[in-house]
Amino acid sequence: MSGIPLGVLDLVPVPSGSTAAEALHHSIDLARQTEAFGYARYWFAEHHLNPGVAGTSPAVVLALTASATSTIRIGSGAVQLGHRTALSTVEEFGLIDALHPGRLDLGLGRSAGRPPQRSAQEAPFEGHTPNGLRIPKPFSFAHLLGHPRVALQQHLLNLPGARPQDYAEQVDDVLALLRGEYRSSEGVEAHAVPGEGADVQVWILGSSGGVSAETAGRNGLRFAANYHVSPASVLEAAEGYRAAFKPSAELDRPYLTVSADVVVAEDDATARELAAGYAPWVRSIRTAEGAIPFPTPAEARALPWTDADRELVADRVETQFVGSARTVADHLDRLQEATGADELLITTITHGHADRVRSYRLLAEEWQRRSG
């Protein structure tokens with residue numbers, strides 16, 4: 001099982017006491033190092049109005065990272081289409097591809113603030129899969145709908161008075177612009193230069209078996225299922241994608257990567273200490289406060305904590321893979337087996353940059369040992 005590729009998903013986290021500039025320098029350094037460790041791809045996420053996350057524009061950070069690396073595939077995980085147009089997305093990635101051809105992954109997602117859509121035919125599963133993978137109870141995002149901060153984010157990111165375009169239609173427009181086949185409803189052509197003909201892999205990211213999985217399958221695209229964000233619906237997302245899949249010029253069969261939140265250290269106890277800031281960091285996101293700068297273990301222990309807080313983050317904490325390289329690799333093997341993933345996408349946040357680099361190195365060494 002361990003022979004499949006590993007990729008990196010980077011949120012450009014800002015540790016407490018640090019700055020966004022330092023976080024960006026650390027992310028570019030991590031991309032260089034994970035390229036040397038043998039990771040297959042390096043993706044940047046898109047988040048806004050979060051004091052503890054500096055990855056606001058995947059295309060900008062990718063342009064910087066492309067010049068600092070040479071072989072690792074780089075991409076977005078994901079561009080949030082609700083915040084931009086199909087044309088601006090294709091043009092941005094076309095610019096990068098023009099200087100670094102053949103290395104880009106264009107991962108597309110729906111805009112933040114929308115709860116995952118569950119397929120009507122799917123009943124939520126809770127417990128453990130036959131091989132022991134933890135599937136927690138579904139988390140409800142209902143308390144965030146209408147939250148003032150969420151509403152403000154949408155106000156600042158969306159064009160005033162513009163009607164939000166249907167996500168599946170936006171993906172269709174992206175694909176048509178890349179192929180040079182875009183036509184308006186009146187039959188007028190549009191050609192993105194640069195962008196048209198760009199040698200990019202298009203991916204769809206999703207947290208359920210709903211719109212995103214169906215859009216990826218219908219278009220014969222690669223799909224990324226988010227175990228690290230929505231662990232309760234990862235099986236549904238994988239199954240929904242495969243059920244909707246139709247062969248395309250790009251793929252003759254479904255191709256799936258699955259994300260996992262991971263912290264690796266020399267032993268389980270050290271890894272648990274490094275991961276201590278994770279729970280309050282997730283709490284800050286789920287209360288719509290915005291991701292706080294990632295705390296040190298001591299800072300995390302000093303924060304007030306309630307039973308309600310534990311319940312709020314339980315699904316994420318119990319599905320984070322924390323421990324020695326052997327412990328974490330065993331968890332990843334179970335995740336791969338349960339989902340049938342063709343790749344795994346690893347996201348790691350620690351307060352110290354050296355600890356984060358070491359986590360990726362130790363995991364890569366164990367993964368290569370198992371596949372050799």
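Guide: Arg 356 and Asp 10 are joined through their side chains by a salt bridge, with a distance of 2.7 Å from N to O. The pair links distant parts of the chain, for Arg 356 belongs to helix 13 (residues 353-371) and Asp 10 to strand 1, 346 residues apart. Please keep in mind that this is a predicted model.

Helix 1 and helix 13 each supply at least two residues of its lining. Sorted by class, that lining has 3 nonpolar, 5 polar and 1 charged residues.

The loop between strand 1 (6-10) and helix 1 (20-37) contains Val 12. The phi of Val 12 is near 55°, which is a positive value in a residue other than glycine. Val 12 counts as buried because its relative accessible area is 0%. In general, most residues other than glycine have a negative phi, and most peptide bonds are trans.

Leu 49 is found in the loop between strand 2 (41-44) and helix 2 (58-68). With a relative accessible area of 41%, Leu 49 is partly exposed. Together with Leu 152 and Leu 156, Leu 49 forms a nonpolar patch on the surface, with about 280 Å² of accessible area for the three together. Leu 156 has its place in helix 4 (residues 148-157), and Leu 156 counts as exposed because its relative accessibility is 55%, the limit for that word being over 50%.

Gly 77 and Ala 78 are joined by a cis peptide bond, with omega about 15°. Ala 78 is placed in the loop between strand 3 (73-76) and strand 4 (79-80). A cis bond also runs from Val 193 to Pro 194, where omega is near -5°. Pro 194 is found in the loop between helix 5 and strand 8.

Helix 5 and strand 8 bring us to an open space. Helix 5 (167-179) and strand 8 (200-206) each supply at least two residues of the lining of the second largest pocket. That second largest pocket has a volume of about 320 Å³. It is lined by 14 residues, of which Leu 175, Arg 179, Val 200, Val 202 and Glu 250 are the closest to its centre. The lining of the second largest pocket divides into 7 nonpolar, 4 polar and 3 charged residues.

Let us return to salt bridges. The structure holds 24 of them. In one, the side chains of Glu 46 and Arg 84 meet at 2.9 Å, N to O. Glu 46 lies in the loop between strand 2 and helix 2, and Arg 84 in the loop between strand 4 and helix 3 (86-99), so this pair ties together parts that are 38 residues apart in sequence. Glu 46 is buried, with a relative accessible area of 3%, and Arg 84 counts as buried at 17% relative accessibility.

Another salt bridge is formed by Arg 134 with Glu 318, whose closest N and O atoms are 3.0 Å apart. Arg 134 lies in strand 7 (residues 134-135) and Glu 318 in the loop between helix 11 (307-317) and strand 11 (321-324), so the pair ties together parts that are 184 residues apart in sequence. Arg 134 counts as partly exposed at 22% relative accessibility, and Glu 318 counts as partly exposed at 36%.

Technical notes. Residues are numbered from 1 along each chain as its sequence is written. This is a predicted model: local features need pLDDT of at least 70, side-chain atom pairs count only at pLDDT 80 or more; totals for chains, interfaces and linings use all residues. Side-chain values use heavy atoms; hydrogens and water are left out. On a 1 Å grid over the protein atoms alone, a cavity is a set of points where a 1.4 Å probe fits but cannot get out, and a pocket is an open set with protein on both sides within 12 Å along at least five of seven lines; lining residues have an atom within 4 Å of a point. Grid points are joined across faces, edges and corners, and a volume is the space filled by probe spheres set on the points. Helices (H or I, at least four residues) and strands (E, at least two) are DSSP runs, numbered from the N terminus. Ala, Val, Leu, Ile, Met, Phe, Trp, Tyr, Cys and Pro count as nonpolar, Asp, Glu, Lys and Arg as charged, and the others, Gly among them, as polar. Patches are made of residues with over 30% relative accessible area and no salt bridge: like charges are joined within 9 Å, nonpolar side chains (Val, Leu, Ile, Met, Phe, Trp, Tyr) within 5 Å. Accessible areas come from the Shrake-Rupley method with a 1.4 Å probe; for residues, only the protein chains shown count as cover. A salt bridge is a side-chain nitrogen of Lys or Arg within 4 Å of a carboxyl oxygen of Asp or Glu. Buried means under 20% relative accessible area, exposed over 50%, partly exposed in between (1.4 Å probe, protein chains only).
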